[in-house]
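Please look through the sequence and the model shown below before reading on.

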Amino acid sequence: MKLYDTQLAPNPRRVRIFLAEKGIDIPKVQIDLGKMEQKSESYSAVNPRKRTPALELDDGSVISESVAICRYIEALHPEPNLFGRTAKEIGEIEMWSRRLEMHLLATIASAFRHLHPAMVQMEVPQVKEWGEVNKGRIVDELAFLDRQLKGREFICCDRYTNADLTGLVAIDFLRPTRVTVPDELVDLKRWHAAMAARPGSVP
Ligand SMILES: N[C@@H](CCC(=O)N[C@@H](CS)C(=O)NCC(=O)O)C(=O)O
């Protein structure tokens, strides 16, 4: 098994953290997005979506999409459990993971991709107005997460799950997007500091 990875990109980082939390180390191949290696003929043959991460299995087949890779890993290594054990846990973790991926991470990513000069080659066309619209939505999403974290150590289920991991990666992606967490979101800041301090929270 080998992971096609990109050190500075958020989606591959989700898989790296997931593996670290599971205590699993697998060989990695770096795909340099700055050099547009994701569009190369050789990588397009691995993942025709031309994005990282992708996991190549020993039989040569490939799983892409970070959540799909994490689910595959959890099926092979069920503990520590990150996607839920009971029906209720599975539902809650999925709800929060989707909220964080589709509303927080995707909003930050759209702001980054449409505004950052380094993304001009990748996000075609880069629409600055769309970037600004998304940038303007980020604080509401952060406040939504802050409300959930009041009186809670973790986002849901009273334990560390895929939802926390997705939230951490999203919050850390604020930095290159040039957005800071407002000081009044104290619960989000407390939770983020704790998640960032976990040994599995590899950069
Ligand atoms: N839905 C995919 C998104 C993958 C994705 O967008 N990867 C980014 C890096 S974080 C990428 O490869 N970007 C290259 C490009 O846009 O050309 C997943 O969850 O894996």
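The covering of the buried residues of helix α1 includes strand β1 (2–5), helix α3 and helix α6, where covering is judged by contact, meaning that the C-beta atoms of two residues, placed from the backbone, lie within 7 Å. Helices (H or I, at least four residues) and strands (E, at least two) are DSSP runs, numbered from the N terminus. This is a predicted model, in which local features need pLDDT of at least 70 and side-chain atom pairs count only at pLDDT 80 or more, while totals for chains, interfaces and linings use all residues. Residues are numbered from 1 along each chain as its sequence is written.

How many of the 13 residues of α1 are buried? Ten of them are, so α1 is largely enclosed by the rest of the structure; a residue counts as buried if 20 or more other C-beta atoms lie within 10 Å of its own, as exposed if 12 or fewer do, and as partly exposed in between, with C-beta atoms placed from the backbone. Among the buried residues of α1 are Pro12, Val15, Ile17, Phe18 and Leu19, but also Arg13, Arg14, Arg16 and Glu21. The 13 residues of α1 should span 18 Å at 1.5 Å a residue, and the end C-alpha atoms are 19 Å apart, which agrees; the expected span is 1.5 Å times one less than the number of residues. Just after α1, Gly23 takes a positive phi of about 75°.

Helix α6 (residues 162–172) is another enclosed element: ten of its eleven residues are buried, so the rest of the structure largely encloses α6. Those buried residues pack against α1, α3 (66–76), α4 (87–115), α5 (128–149), α7 (174–177) and α8 (186–196). Leaving aside residues up to four places away in sequence, Ala170 touches Leu100, Leu104, Leu105 and Ile108. Ala170 and Ala9 are 161 residues apart along the chain, yet their C-alpha atoms are separated by 11 Å.

Now consider the whole chain. The protein chain has eight helices and four strands, and along the sequence they follow the pattern β-α-β-α-β-β-α-α-α-α-α-α. An automatic or database domain assignment gives domain 1 (2–76) and domain 2 (87–196), whose C-alpha centres lie 21 Å apart. Each domain brings eight residues to the contact between them, and on the side of domain 1 the largest share, five residues, comes from helix α1 (residues 10–22). By class, that side of domain 1 has six nonpolar, no polar and two charged residues.

Two totals complete the picture. Buried residues make up 34% of the 203 residues in the protein chain, and among its contacts with a separation of 6 or more, 64% join residues 24 or more positions apart.

Conventions:
Nonpolar A, V, L, I, M, F, W, Y, C, P; charged D, E, K, R; others polar.
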